[in-house]
Structures are given as C-alpha cells and as structure tokens.
Amino acid sequence: MGHGTWVEVGNRAFHRRYEPVDVSVGVILCEQSALVIDTRNNPAEARELMDDVLKDFGVPIAAAVNTHAHYDHCFGNQVFADAGVPIYGHALMKRHFENYEGPHLARVKNSPASEPDKNWEDVRLTPPGFEIASCTELELDQRTICLVPLAHGHTDSDLAVHVPDANVWFLGDVIEQSGPPMFGPDSDIAGWPVVLHELAQTIRPDATLIPGHGDAVDRDFLVCQASHLELLAREICQGLEQGLAPGELHLSQDLRRLWPAEHLASAIDAYFAKNGGV
Ligand SMILES: [Zn+2]
C-alpha cells in the first residue's frame, strides 16, 4: 500500500496521509516525546504507525488523541493502550462505540467476507482512557495542545486538536479534502454546518487546517464546506416541512454536483431519522 511522507504543516506539527482510505495522521513533536493524532484502522496499521513515529522522530509516544469514533481513526487504539500510551478523545466516544462501531464490528467479525477490506479480526474496541467533555489544555513536555470537543456534526464524538504555537488545527472528518464529507446514520446534518461556523469564529484566517482525509487546507475551505452543508440541511428541511418522504425529495443541481446520489440519500435518511420524519 502506498503511503505519503511526513509533512511539517506548522512548527513541529506533522501530517501524513496513510493508505488505505487516505486517512490523516498527525504528530506533534514535543521536547523529548511526541503526541499522535488518530491511530488508524486496525492493530497492524497502528503498529506500523508506531514504528514509523519511533523511527522517523526518534522519541517515545507520550499520548494519542482520537478525532472521532470512526474505525479508520481509532481502531488501532488497543496497540497504543497496550504500550501504556494514554489516549484522549471526546467524552461520547464510548457511547458511540456501543451504539454504532460495536455492532458494526460484531457484524463484520461474524462475516468477514462482507467487508474484506477492513481486516478487523484482531480489533478490540478500546475507547479513550481520558474523556474530554470541555475544552482542555494538555501540557505535554513543554508544549500546549488544546483539545476542543465539538457539538454533534459529522458524528457525536468529533474533537478538534489545536496546536496554538504552530497555528495548526487537526479536525478529523468534520471537513474532508480528498472527497466530499461523508454522512452516516450518526451524522447530525443540521448541526454540522453550525459546528463549522463556530469553528470559523475561533480559527485564525492564516491557520493551517488538516482534514481527516486529504491535504492541508485553510479557513476559507472550511467556510465553503460549511455553506455546502448548510444548503443541504436547508433543502432537506424544506422537503420535510412540505411533508415529502425521503424518496420524494429532489435536491438541487448544486448539491447533486457536490455529492454522489448515494451520499445525498444517506444525508436525507440521517436528517429524517433525527428530525421526526419517516
Ligand atoms: Zn475518516
């Protein structure tokens, strides 16, 4: 599988894109140690990541952070936990695991052929040992890293990692650059653009933003993605108010240019499920 290389996106803040699924991993280099952002999709991938960090930076891993509860960002947690690395994540990750990732993992373990690309045989769901319920400044080996739990958007467990002295934000999948943002039954379609607009108030215009998938972007990119999501929420809301069923909704050409039809269908389902539709 092809991998990218570490790119220094701000003062001693590194980003790397890993295959499969082109997932972003971050490393914040401290005085004598490193913090790793996201742990990849299974134990083997996590072990490879740990080896890369040790080899490429030559310092031990002092902590790991999860940007949200989806498998591609945190199913490697057990390897970090087994090595004694403290893991930080949104306070609702454990509940999210119980409601979504746990049942999904059990289904695939029962029938690995249903999703052969996942390689989840060895995965033990491992929620973060440190649950973040409000903005938290992590003082790690001479460096301050801010953990900012977000309101319900892409998932109910999204957490932004801000490195103030590097002017860098790691945002997980609340924004995506390599493709349009993805919806699931755990997304809050109406809440998501609100989360992004709030972030835009906090993020400096010259900051570097790392999406969960893809290359570094700037604040304008986030604002643009927020407006797309806002339009989507508005059109679905109007359909719901007109008493339409999910299948009867015809979204605008603008939206159909931005997302494939099946993604839009997922967004409609998630919105109706949450907002009292069918
Ligand atoms: Zn992802």
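**Zinc site and helix contacts in a predicted model**

I start with the metal. The zinc ion is coordinated by Asp72 through OD, His73 through NE2, Asp173 through OD and His213 through NE2, at 2.1 to 2.3 Å. Donors here are N, O and S atoms within 2.8 Å of the metal (3.2 Å for Na, K and Ca), and water is not among the atoms, so sites may look incomplete.

A word on the source. This is a predicted model, in which local features need pLDDT of at least 70, side-chain atom pairs count only at pLDDT 80 or more, and totals for chains, interfaces and linings use all residues. Residues are numbered from 1 along each chain as its sequence is written, and side-chain values use heavy atoms, with hydrogens and water left out.

In sequence its donor residues follow the spacing D-H-x99-D-x39-H. Asp72 lies in helix α2 (residues 71–74) and His213 in the loop between β12 (208–210) and α6, so this pair ties together parts that are 141 residues apart in sequence. Helices (H or I, at least four residues) and strands (E, at least two) are DSSP runs, numbered from the N terminus.

Now helix α6, residues 219–241, and its contact with helix α8, residues 261–274. Their axes come within 10 Å and cross at roughly 60°. Axes are lines fitted to C-alpha atoms, for helices over the stretch in contact, and angles run from 0 to 180 degrees between N-to-C directions. The two helices are therefore oblique to each other. Angles under 35 degrees count as roughly parallel, over 145 as roughly antiparallel, 65 to 115 as roughly perpendicular, and the rest as oblique. Which residues of α6 and α8 make the contact? From α6 they are Leu232, Ala233, Ile236, Cys237 and Leu240, and from α8 Leu264, Ala267, Ile268, Tyr271 and Phe272. Contact means heavy atoms within 4.5 Å.

Helix α5, residues 191–202, also meets α6: the axes come within 8 Å and cross at roughly 155°. That makes α5 and α6 roughly antiparallel to each other. On the α5 side the contact includes Trp192, Pro193 and Leu196, and on the α6 side Arg219, Leu222 and Glu230 are among the residues.

Last, a loop. Pro20 sits between β2 (13–18) and β3 (23–29), and a cis peptide bond, with omega about 0°, joins Glu19 to Pro20. Asp22 lies in the loop between β2 and β3. Phi of Asp22 is near 50°, a positive value in a residue other than glycine.
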